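Biologist: I am new to this structure. Please walk me through how to read it.

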Amino acid sequence: RLCWSILDRLCSDVGGTPHLNRIKTRRERAVSVAFLAGLLAGLAACGKGEEAAAPPPPQVSVVEVKKRTIDVEIPRVAQVESSREVEVVARVSGFLERINYTEGTLVTEGDVMFEMDKKPFVARLAAAKGELEASKARLWTANANLNRIRPLAEADAMSQSDLDQAIGEKQAADAAVYSAQATLTNAEINLGYTTIHAPVTGLSGQARQREGAYLNSMSDSANLTYVAQIDPIWVNYAVSQNELEKYRADSAQGRFIPPAEDKFTFEILLADGSIFPHRGTLDFLDPTFDSETGTFTVRTTVPNPDFTLRPGMFVTAKLLGGRRPNALVVPQEAVHQTAQGQIIWLVDSDGTAEARPVTTGDWVDDGWDIETGLKDGESVIVEGFQRLRPGVPVKTVPFDPNKSKPAESKTAAAAGDKG
């Protein structure tokens, strides 16, 4: 203001005439112009000084974190496996005559899947029946002979050796009947094996042999197909040694509360993100670690009445049932990944910004459980990071989690209209 006042006095009229107009000589005019130029430069400096005034502190949105008990969900990539996959194998040798099922479809336990040529086995069964009848006839003769010889031997009309021979022939005839009966039973079993049934209810595989092929029960040609039971079905995933030790330590120190009797449940997420309508139960923990991967297998059994899950599929299995007391959860936006690790921005008690390294734990709803680096009651910055630097004063306002949702909804709606 002083600079402008001086300029105004120089340029103002005195008795109707400006000061510059009253300067007569060229030298006086040159000096006056130089003085005026310096004065204008000072005015510019005055303006810049006013523009360089300190800007207002940046505004940030904050949340005050409080300890609370949270439900723990532990997601893992898992793979689906049949709860009972059975190979369908020819148990006798012969020619394959007929395939009676549609490959890849559901078969019920007991359904006829394959038929072999029965004629050789029917003939063997008939021969076994004839041999049994012949053995029975020889047994009858041996019994009759023994019944005649025994009283004569007792009356000393025949020798003791004759009696012993008759007894031996009768016992040999008894054994021959037993052997013939076993041969007949074996022939009946083998004839039954020519009709191959589904061992379980499940999805059938592709037939590995075709009609007319010779099946050798002692070679790979006997492997015809498989049937995979898929209701219920198994979902397997791996747990590392470090994860197991952390679980045990957290449980011992009260940082993790398992469900009663360790009855965990599992929620299954499909590849498109949808939730499978049926939950699984913990079924099996492998007692040994894999020496190559350092992990052990956890298995859950899941009802699968609609056959949505198929063997070999990859899904996400969420372990449910555990709780974590005294957890500190911050919104997702508050956690930043840097070259040195994860950090969050806080507002100190003196109203300045602070960057602090943290360790994140489980994902909870729409935020991170902070395991280390954060204390109860601290103010965490969630929005307004553009002008933040450590030690910079900030102006805080409460974080509104619904503030950005309308904009996101409009963007999604616009994308849908465009599609």
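Modeller: Start with one pair of residues. Glu115 has Thr195, in strand 8, as its bridge partner. That bridge belongs to a set of three joining strand 7 (residues 112-116) to strand 8, and the two strands are antiparallel.

Biologist: What should I know about the model and its numbering?

Modeller: The model is predicted; local features need pLDDT of at least 70, side-chain atom pairs count only at pLDDT 80 or more, and totals for chains, interfaces and linings use all residues. Numbering starts from 1 along each chain as its sequence is written, and side-chain values use heavy atoms, with hydrogens and water left out.

Biologist: How are strands and helices defined, and how many of each does the protein chain have?

Modeller: Both are DSSP runs, numbered from the N terminus: helices are H or I with at least four residues, strands are E with at least two. The protein chain has six helices and 23 strands.

Biologist: Which strands form the open sheet of three?

Modeller: The order is 16-21-20, again with antiparallel pairing. Its edge strands are strand 16 (329-331) and strand 20 (359-364), each pairing on one side only. Neighbouring strands here are turned by 40° against each other on average, direction ignored. Strand 16 and strand 21 (residues 367-372) are antiparallel and share three bridges. In one of them, Val330 has Trp368 in strand 21 as its partner.

Biologist: How do I read side chains along a strand?

Modeller: In a regular strand, they alternate between the two faces of the sheet.

Biologist: Which residues stand opposite Thr297 and Arg299 in strand 14?

Modeller: Ala238 stands opposite Thr297. Strand 11 (residues 223-240) runs antiparallel to strand 14, joined by eight bridges. Phe284 stands opposite Arg299. Strand 13 (residues 280-285) also pairs with strand 14 in the antiparallel sense, over four bridges.

Biologist: How is a helix pair described?

Modeller: By the angle between the axes and the distance between them. The axes are lines fitted to C-alpha atoms over the stretch in contact, and angles run from 0 to 180 degrees between N-to-C directions. Helix 3 (residues 119-154) and helix 4 (residues 160-193) pack at about 165°, with axes 8 Å apart. Helix 3 and helix 4 are therefore roughly antiparallel, a label for angles over 145 degrees.

Biologist: Is Pro357 buried or exposed?

Modeller: Pro357 is exposed, at 58% relative accessible area. Pro357 lies in strand 19 (residues 353-357). Contact means heavy atoms within 4.5 Å. Leaving aside neighbours within four places in sequence, Pro357 contacts Gln342, Ile343, Thr372 and Gly373. Gln342 is 15 residues from Pro357 along the chain, and their C-alpha atoms are 5.8 Å apart.

Notes:
Two strands pair if DSSP finds at least two bridges between them. Angles under 35 degrees count as roughly parallel, over 145 as roughly antiparallel, 65 to 115 as roughly perpendicular and the rest as oblique. Buried means under 20% relative accessible area, exposed over 50%, partly exposed in between (1.4 Å probe, protein chains only).
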